[in-house]
Amino acid sequence: MSAVRRWSEGMSSDNVKGLVLAISSSLFIGVSFIVKKKGLKKAGASGVRAGVGGYSYLLEPLWWAGMITMVIGEIANFAAYAFAPAILVTPLGALSIIISAILAHIILRERLHTFGILGCALCVVGSTTIVLHAPPERQIESVSEVWALATEPGFLFYAALVITIVFILIFHFVPQYGQTHIMVYIGVCSLVGSISVMSVKALGIALKLTFSGMNQLVYPQTWAFTLVVATCVITQMNYLNKALDTFNTAVVSPIYYVMFTSLTILASVIMFKDWDRQTPTQIITEICGFVTILSGTFLLHKTKDMVDGPSLSTSMSMRSLKHEEEEVVIEGIPLKRQDSLRKP
């Protein structure tokens, strides 16, 4: 108790504000997944579903309510970093996984297998391990300094590799496997997201310096980062909508969180050279956290269609009901049932 008392007394008022904002951000983002999913289902009932290329959800007020909720959460998350260090704010993003999974179970009636729950826990533990051992944030004094880091050979190679993989996923794998393999849509979101976070950080630095009296809006680099942010965010939202409309929300949320967090940390290590300021012990601990994340992702992916139940018939009936609610029909054959039709 004395240690807890010393910890609470040691927190500054700014840290408390950052903590509250970070928790609020996770709550808003977790709720937004559910509200957007409800909006996507409602829009898909009267138009072309997002999972097969439709955009009828743009006319659905419920989807916009979810989007506004997500924007509020992201604004709160951005504000939290202005008050508290990243070591305090970033791990709390895992709360959005728990919130969305619980609400999906209650509101959307989406069941998460026992091993799926274990996988979710492993994802959270692994991500938290990485974040808790992350190095201190690099001090940046101008947007030109960020631009110099972004145009170094290492990060240019990473960005080129990401763009190449994203184009291959979009034009080759999405048409063939987007409806049956969850990693396709989420892979696009996560890869693009790792670039967008680096640009968001650069833009945030530019705005912070501008508000402090050093105008960064006169530099073309600021507007270049703004263009990258807009392009990446639009791409992320498009393919995240497709993932939510096609697959179980309780599975989409943690896998997206894991891949997005891992790739963002990798991009930050390359661009800001975070590991140059760490000891071998810290680096090994982060690698162990990454292995834990991979284990959790494997469990989630392998058990996404499994249902806990007292009997096989109950499990089969629940799975059949789920497919009836979420089936996608192309050329008269429900994609969610193709595998079962192939089996004797």
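**Salt bridge, core and surface of a predicted model**

User: Let us start with Glu152. Is it buried, exposed or partly exposed, and at what relative accessibility?

Analyst: Glu152 counts as partly exposed, at 29% relative accessibility. Please keep in mind that this structure is a predicted model.

User: Which side chain does Glu152 meet in a salt bridge?

Analyst: The partner is Lys273, and the N to O distance in this salt bridge is 2.3 Å. Lys273 also counts as partly exposed, at 26% relative accessibility.

User: Why would two such side chains pair at all?

Analyst: Side chains of opposite charge can pair when their charged atoms come close.

User: How many salt bridges does the count come to?

Analyst: The count comes to one salt bridge.

User: What about disulfides, how many does the structure hold?

Analyst: The structure holds zero disulfides. A disulfide is a covalent bond between the sulfur atoms of two cysteines.

User: Then take the cysteines Cys232 and Cys189. Buried or exposed?

Analyst: Cys232 is buried, with a relative accessible area of 9%. Cys189, which lies in helix 9, is buried as well, with a relative accessible area of 1%. Cys288, by contrast, counts as partly exposed at 45% relative accessibility.

User: How far apart in space are Cys189 and Tyr239?

Analyst: They are 6.2 Å apart from C-alpha to C-alpha, although 50 residues separate them in sequence.

User: Let me turn to the inside. Which residues of the largest nonpolar core touch the most other members?

Analyst: They are Phe155, Ile186, Leu240, Val252 and Met271, out of the 50 residues in this core. Among the elements that give two or more residues to the core are helix 2 (13-46), helix 3 (61-83) and helix 10 (220-246).

User: Which helix gives the largest share?

Analyst: Helix 9 does, with 14 residues.

User: Back to helix 7. Which of its residues are buried?

Analyst: In helix 7, which covers residues 143-150, the buried residues are Val143, Val146, Leu149 and Ala150. They cover an arc of only 115 degrees around the axis, so they lie on the same side of helix 7.

User: Last topic, the surface. Which residues make a nonpolar patch there?

Analyst: Ile98, Ile102, Ile106 and Ile107 make a nonpolar surface patch of about 360 Å². One of them, Ile102, has its place in helix 5 (residues 95-106). Ile102 counts as partly exposed, at 46% relative accessibility.

Conventions. Residues are numbered from 1 along each chain as its sequence is written. This is a predicted model: local features need pLDDT of at least 70, side-chain atom pairs count only at pLDDT 80 or more; totals for chains, interfaces and linings use all residues. Side-chain values use heavy atoms; hydrogens and water are left out. Buried means under 20% relative accessible area, exposed over 50%, partly exposed in between (1.4 Å probe, protein chains only). Helices (H or I, at least four residues) and strands (E, at least two) are DSSP runs, numbered from the N terminus. The arc is that of the directions from the helix axis to the C-beta atoms. A disulfide is a pair of cysteine sulfur atoms within 2.5 Å. A salt bridge is a side-chain nitrogen of Lys or Arg within 4 Å of a carboxyl oxygen of Asp or Glu. Patches are made of residues with over 30% relative accessible area and no salt bridge: like charges are joined within 9 Å, nonpolar side chains (Val, Leu, Ile, Met, Phe, Trp, Tyr) within 5 Å. Accessible areas come from the Shrake-Rupley method with a 1.4 Å probe; for residues, only the protein chains shown count as cover. A nonpolar core is a set of buried Ala, Val, Leu, Ile, Met, Phe, Trp, Tyr and Cys residues joined through side-chain atoms within 4.5 Å.
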